[in-house]
Amino acid sequence: MDVQVFVDLQNQFDSESSLREEISTATKELFKTCRLTSAKLSKAHAVPKSQSKQVTDSVKEQFATIHTNIEAIAKHVRPVTFYRYHDMWSMAVQNACALVIFAVYLEESRLATAADIQGYLGYRVNATNEDVTEFVITLEEYLHGIVSLFNELSRLAVNSVIVNDVQRPQEISQFASELYAGFQLLNLKNDSLRRRFDSIKYDIKKIEEVQYDLRVRGLIA
Amino acid sequence: MSETKRAILTAFTQYRDTLDAHYDQRERVIKCSRDITALSKKIVFSLLRITQDSPERVFADATNKQKQVLELFRKMSVELQGSNGYKYNRQATPGLQEYIEAIGLWTFLRDNTLITKQQVLDTLSVEDENGEVKPLLMVTDEDYILGVSDLPGEVNRYCINSIGKGDRDAVERCLTFLRDLKEGISFVMCGGRVRDLDKKIPTLDSSLEKIEKAYYSMSIRDEEMAKVNPSAVVAAAAAAAAEA
C-alpha cells in the first residue's frame, strides 16, 4: 500500500486550515463588534421609551462595522462550500440579527423583516430554501435572532416600570403574544431553534407577571 | 386582527413552508443514507463469503448489489445538488462511508490494494444526458478517510475465516494491509482535522491485535506439527496442492 495517499490527504487538510483560520479570525471580529453594539443598545433598558431613538441612533455606526465584518467572512466563502464552513460564523450572524431586530423594535415597535435585516447587514436572508449562490443569512439565523428578542422584551417590560413607564409593559405584552403566535406556526424539529423556542414561554410569563403586578395595584386599567 | 399581527402571521407561514421543505429534504437524505448503509452491509457479507465460495460468484453477486446501491445514490444525489451537498453532508455521510467500506473491502480482496478516492468516485460515476461520465455526488476527503478507516473490522473477519481454512497467504496479506492502514490513518490523525477519526482507532488496534495473535497461534501450531509429525505436514501440503 502506498502511504502517499495519506500524505496527500493530510496536505489537503493542512491547506484548508489556513482558510479556516481566516474565517475564524473574521468571525471573532464580528463577535467583538456585536458585543460592543449589544452593550450600547442595552442602554435602552435604562431610559423611557421617548429616549429609545437616541440609543438606536448611537449604534448606527456599529451596524456599518458589522456589515464590514460580515463582508470579511463572506469573501472567503464560495457558494458551494457555504455550508461546509457555515457553523463557524452562524452564531455570530445570529447575534447580529438579534441586534438588528432589537434595534428595529426599539425604534418602531415592530418586528424587523427579512428586508430590514438586509438593509442593516447588507446580506439577504434566504427565506425560501433556494440553492445558495452568494453569501446569505439563513432563515434559521434570522429566527434565532427573533427568539433573542423575547429575552430583551421581558427585560424591557420590567425595566420600563423602573423608569416609571407603566403603559409600556402592556404594549410589549401585546406584541410578544402576537409574535409568539407567529412562532407557533412553525413545525420545529428537535434542534437548537426548537430548544430556544421552548424557552420563550418563560419570557412571556415574566411579561405577564409585570402586567399582573401593575394591575393588581391599580396602576393600570 | 391588527395589521402587525397579520404581517407576522403571513411571514411566519412562509417561514414554516421553508422550514418544512428543508426538514423533508433532510429526512429524504437520511432515509436514502440508511438504505445505502443496509445494502452496503449486504455487499460486505457477500464478499466475506469468498472463503467458502468461488471469487467469480462472490464478485458477481457483489456487482449485482452494487448496481442497486447505485440506484439509491442516484436518488440521493437529487437532494445534494449545489450548495446542498455540504448542507446535508452530515446526513449523507453515514451511508457513503459504509459504501466506501464495502467497495474498499472488495478492492482489497480483488487487488490487494487500498481503494483510492478516485476509484470510489469512478464507481459512483454515471453517464449524464450529455453523454458525460460524472460522479453522482461529491465525496469529501472526510467521507473517504472515515469510510476507509472502517475497513479493519471487515478485513479482520476475512482474516479469521482464512485462518480457519489454513490460508497462510491470505493471513499474511491482511496483516500487511492492516499495518499499512494503521500507519496511514495515524498519520492523518496527527493532523487532528477530521472529526470522529479518533473513534475508529480502537477498532483498528484490536483488529490488528486479534490477527497477530491468531497468526501467532497458527505459526506455533505449524512449527509444532512439523517437529512432532513431519509426514503429516507433507501430506497436508500435498492435499492442499491437489485441491488447488
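Residues are numbered from 1 along each chain as its sequence is written, and chains are lettered from A, with ligands numbered from 1, in the order in which they are written. Because the model is predicted, local features need a pLDDT of at least 70 and side-chain atom pairs count only at pLDDT 80 or more, while totals for chains, interfaces and linings use all residues.

The model scores an ipTM of 0.90 and a pTM of 0.88. Confidence within chain B is highest in helix 4 (residues 89-111), at a mean of 96, and lowest in helix 10 (residues 230-243), at 72. Helices here are DSSP runs of H or I with at least four residues, numbered from the N terminus (strands, E, need at least two).

In chain A, helix 1 (residues 4-41) has 38 residues, which at 1.5 Å a residue should span 56 Å, and its end C-alpha atoms are 55 Å apart, in agreement with that expectation. The expected span is taken as 1.5 Å times one less than the number of residues. A residue counts as buried if 20 or more other C-beta atoms, placed from the backbone, lie within 10 Å of its own, as exposed if 12 or fewer do, and as partly exposed in between.

Helix 4 of chain A (residues 82-108) contains V104(A), which counts as buried because it has 20 C-beta neighbours inside 10 Å. Leaving aside neighbours within four places in sequence, V104(A) is in contact with R110(A), A112(A) and D116(A), where contact requires C-beta atoms, placed from the backbone, to lie within 7 Å. Between V104(A) and I117(A), which are 13 residues apart in sequence, the C-alpha to C-alpha distance is 9.6 Å. The loop between helix 4 and helix 5 (114-121) of chain A holds S109(A), a residue other than glycine whose phi is positive, near 50 degrees. S109(A) is partly exposed, with 15 other C-beta atoms within 10 Å.

A positive phi is also found in D196(B), at about 75 degrees, although D196(B) is not a glycine. This residue is placed in the loop between helix 8 (168-191) and helix 9 (197-228) of chain B, and it counts as exposed because it has 12 C-beta neighbours inside 10 Å.

The contact between the chains takes 34 residues from chain A and 36 residues from chain B. On the side of chain A that touches chain B, helix 1, helix 4, helix 6 (139-162) and helix 7 (168-183) each supply at least two residues, and the largest share, eight residues, comes from helix 1. By class, this side of chain A divides into 19 nonpolar, nine polar and six charged residues, with Ala, Val, Leu, Ile, Met, Phe, Trp, Tyr, Cys and Pro counted as nonpolar, Asp, Glu, Lys and Arg as charged, and the others, Gly among them, as polar.

How values were computed
pLDDT is the predictor's confidence in each residue, from 0 to 100. Two residues are in contact if their C-beta atoms, placed from the backbone, lie within 7 Å.
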